[in-house]
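Subject: Structure handover

Hello,

Please load it first, then read the notes below it.

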Amino acid sequence: MLEISQNVSIPDDQIELSAIRAQGSGGQNVNKVSSAIHLRFDIKASSLPAFYKMQLLNIKDRRISKEGVIIIKAQKFRTQEKNRLDALARLQEIIKSAAVIQKPRRPTKPSKGAKKRRMDSKTLRGKTKSLRGKVIE
């Protein structure tokens, strides 16, 4: 059972975990041992509340496929158990991030004083740079 919050949790049978061989360097061991974990979680078929499902499907994340399946590959550690825990923690993090609602951005405009100070500093900088030119005799 993966705990998301006090009210929300995901049963283990909805998370598909499979062991695969890790990529990259690691010597002879990397070719023999399947220590990486491939996690698949179908958002639409899950028991998550409708709010979580809607938020997750609206997130623009490369780990979420068009069909609504979260795919995580964990291969950071050398042991399968640590990679499994890492994959589950990353799934938990994605789902928790979906629950956070961003407040809408209110566009702002710089004040007249701020614009004037900016232009004055640019003029001063230009004068300093013009003094670096060749000296005319």
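Start at one pair in the sheet: Ile15 stands opposite Phe41 in E4. Keep in mind throughout that this is a predicted model.

**The sheet**

That pair belongs to the contact of E3 with E4, two strands that pair in the antiparallel sense over six bridges. E4 covers residues 36–42, and its pairing with E5 is also antiparallel, again over six bridges. Ile37 stands opposite Ala74 in E5. His38 has Lys73 of E5 as its bridge partner.

Put together, the three strands make an open sheet, ordered E3-E4-E5, with antiparallel pairing. The edges are E3 (15–20) and E5 (69–74), each of which pairs on one side only. From one strand to the next, the twist averages 15 degrees. Helix H3 packs on this sheet and touches E3, E4 and E5. The direction of H3 makes about 145 degrees with that of E5.

**The core**

Which residues have the most contacts inside the largest nonpolar core? They are Phe41, Ile70, Leu91 and Ile95, in a core of 22 residues. E4, H2, E5 and H3 are the elements that give two or more residues to this core. H3 gives the most, with six residues.

Setting aside neighbours within four places in sequence, Ile70 is in contact with Leu39, Arg40, Phe41, Ile43, Leu56, Arg63, Ile64, Leu91 and Ile94. Phe41 and Leu91 are on that contact list, and both are also among the residues with the most contacts inside the core.

**H2 against H3**

H2 spans residues 50–58 and H3 spans residues 80–99. The two helices pack at an angle of about 100 degrees, with their axes 9 Å apart. Angles of 65 to 115 degrees count as roughly perpendicular, so H2 is roughly perpendicular to H3. On the H2 side, the residues that meet H3 are Phe51, Tyr52, Gln55 and Leu56. On the H3 side, they are Ile94, Ile95, Ala98 and Ala99. By type, the residues of this contact divide into seven nonpolar, one polar and no charged.

Leaving out neighbours within four places in sequence, Asp86 is in contact with Ala74, Lys76 and Phe77.

Ala22 sits in the loop between E3 and helix H1 (29–32). Ala22 counts as buried because its relative accessibility is 16%. Ala22 and Glu81 are 59 residues apart in sequence, but 13 Å apart in space, C-alpha to C-alpha.

Lys103 lies in the loop between H3 and helix H4 (112–130). With a relative accessible area of 76%, Lys103 is exposed. Lys103 and Lys134 are 31 residues apart in sequence and 54 Å apart in space, C-alpha to C-alpha.

Best wishes

Conventions:
Residues are numbered from 1 along each chain as its sequence is written. This is a predicted model: local features need pLDDT of at least 70, side-chain atom pairs count only at pLDDT 80 or more; totals for chains, interfaces and linings use all residues. Side-chain values use heavy atoms; hydrogens and water are left out. Axes are lines fitted to C-alpha atoms, for helices over the stretch in contact, and angles run from 0 to 180 degrees between N-to-C directions. Helices (H or I, at least four residues) and strands (E, at least two) are DSSP runs, numbered from the N terminus. Angles under 35 degrees count as roughly parallel, over 145 as roughly antiparallel, 65 to 115 as roughly perpendicular and the rest as oblique. Contact means heavy atoms within 4.5 Å. Ala, Val, Leu, Ile, Met, Phe, Trp, Tyr, Cys and Pro count as nonpolar, Asp, Glu, Lys and Arg as charged, and the others, Gly among them, as polar. Two strands pair if DSSP finds at least two bridges between them. Buried means under 20% relative accessible area, exposed over 50%, partly exposed in between (1.4 Å probe, protein chains only). A nonpolar core is a set of buried Ala, Val, Leu, Ile, Met, Phe, Trp, Tyr and Cys residues joined through side-chain atoms within 4.5 Å.
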